[in-house]
Amino acid sequence: MRFFKKYMGMTCIEYINDYRLNIASNLLLTTRVQITEVAASIGITNLSYFNRIFKKKFHMTPKEYRFSVTHI
């Protein structure tokens, strides 16, 4: 884990979550799948955790992201 963080600049969990969130953001923009299903499809079953890490990365909730990007 120290090796990973040293060379990647983030922990393994942060890297995996970042990868998952990129997939989730794409699903939010390209499908009409419910947000709970998007979270589950990337392996996160706790919706509040999904919302928290999504907001930390994109500075808005998944619902706000879907609405703001698709309604510009």
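Lys57 is partly exposed in this predicted model, at 30% relative accessibility. Its partner is Asp18, and the two form a salt bridge in which the closest N and O atoms are 2.3 Å apart. Asp18 is also partly exposed, with a relative accessible area of 27%. As background, side chains of opposite charge can pair when their charged atoms come close. A search of the whole structure finds one salt bridge.

Next, helix H2. H2 has 19 residues and spans 27 Å from its first C-alpha to its last, close to the 27 Å expected at 1.5 Å a residue. Which residues of H2 are buried? They are Asn17, Leu21, Ala24, Ser25 and Leu28.

Now the nonpolar core. The largest one has 13 residues, and the members touching the most others are Leu21, Leu28, Phe50 and Phe54. At least two residues of this core come from each of H2, helix H3 (35–41) and H4. H4 gives the largest share, four residues.

Last, Phe54. What does Phe54 contact, leaving aside neighbours within four places in sequence? The list includes Leu21, Ser25 and Leu28. Phe54 is also in contact with His59, Met60, Thr61, Pro62 and Tyr65.

Conventions. Residues numbered from 1 in each chain as written. Predicted model: local features only at pLDDT ≥ 70, side-chain atom pairs only at ≥ 80, totals over all residues. Heavy atoms only, no water. Salt bridge = Lys/Arg side-chain N within 4 Å of Asp/Glu carboxyl O. Buried < 20%, exposed > 50% of the residue type's maximum accessible area, 1.4 Å probe, protein only. Core = buried A, V, L, I, M, F, W, Y, C linked by side-chain atoms within 4.5 Å. Contact = heavy atoms within 4.5 Å. Expected span 1.5 Å × (residues − 1).
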